[in-house]
Amino acid sequence: MGRTRAILIWGVLAAVLLIPVAAAAASPLLQWRQPVYIAAGFAGIIAMALLLVQPLLAGGYLPGLARQRGRRLHRWVGGVLVLAVIVHVAGLWITSPPDVIDALLFRSPTPFSVWGVIAMWAVFAAALLAAIRRRLQLRPRTWRLAHTSLALVIVAGSVIHALLIEGTMETMTKVALCGLVLAAFLKAFADLKVWTSRHRWDA
């Protein structure tokens, strides 16, 4: 891959990740929000951005990253994703504990809360599974199926959660980011042939 094309790809990715954050930072809705609430909201936006990076790393689509290095970064980004989700939920808990409790107990009247909680538990489950994978002595195919199934729940739940919320994220950039997250996941899912007996990483 040529140097110019590689720079272009990284530049486009940086723009796609930063523009929604910048648009949200300019939202007039932030004027009356507490700092903790704002931090929680931006942690959620960062988590969505990381969901775009994860399939790109898994699929080996980013130039300059060898297969093993990409997989290693995939694990590190997964850890940052978990941290972002924790900050997101903890910030909301500090500002409004009853709302978070209702969401966690699936009795919130707002549909986006349900999808957010489902995605959150899937993130934690995927991270836990990755942490104890060797201890469980999972076969590669079993691991791939379990991890990808959880990733599907994470992506679907997070996209629906974000689209249903009318908050600080600017509408067009939010829709675009969600669409790219879904497209990147489906692309990696198809290319890696997760559900077949032969995985691309095994080749």
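**Note on helix packing and the nonpolar cores**

1. H7 and H8 cross with a left-handed sense. The model is predicted, and every point below should be read with that in mind.

2. How do the two helices run relative to each other? Their axes, those of H7 and H8, come within 10 Å and cross at roughly 165°. Angles over 145 degrees count as roughly antiparallel, so H7 is roughly antiparallel to H8.

3. Now the residues at this contact. From H7 come Thr148, Ala151, Leu152, Val155, Val159, Ala162 and Leu163. They meet Lys174, Val175, Cys178, Val181, Leu182, Phe185 and Phe189 of H8. By class, the contact of H7 with H8 has 12 nonpolar residues, one polar and one charged.

4. The largest nonpolar core has 39 residues. Met48, Leu52, Leu81 and Val181 have the most contacts inside this core. Val181 also belongs to the H8 side of the contact with H7.

5. Which elements give two or more residues to this core? They are H1 (3-25), H2 (35-58), H3 (67-95), H5 (111-131), H7 (140-164) and H8 (171-192), each a helix. H2 supplies the largest share, 10 residues.

6. Leu52 deserves a look. Leaving aside residues up to four places away in sequence, Leu52 touches Leu13, Val16 and Leu17, and also Leu177, Leu180, Val181 and Ala184.

Definitions and conventions. Residues are numbered from 1 along each chain as its sequence is written. This is a predicted model: local features need pLDDT of at least 70, side-chain atom pairs count only at pLDDT 80 or more; totals for chains, interfaces and linings use all residues. Side-chain values use heavy atoms; hydrogens and water are left out. A nonpolar core is a set of buried Ala, Val, Leu, Ile, Met, Phe, Trp, Tyr and Cys residues joined through side-chain atoms within 4.5 Å. Buried means under 20% relative accessible area, exposed over 50%, partly exposed in between (1.4 Å probe, protein chains only). Helices (H or I, at least four residues) and strands (E, at least two) are DSSP runs, numbered from the N terminus. Contact means heavy atoms within 4.5 Å. Axes are lines fitted to C-alpha atoms, for helices over the stretch in contact, and angles run from 0 to 180 degrees between N-to-C directions. Angles under 35 degrees count as roughly parallel, over 145 as roughly antiparallel, 65 to 115 as roughly perpendicular and the rest as oblique. A crossing is left-handed if the near helix is turned anticlockwise from the far one by less than a right angle, and right-handed if clockwise. Ala, Val, Leu, Ile, Met, Phe, Trp, Tyr, Cys and Pro count as nonpolar, Asp, Glu, Lys and Arg as charged, and the others, Gly among them, as polar.
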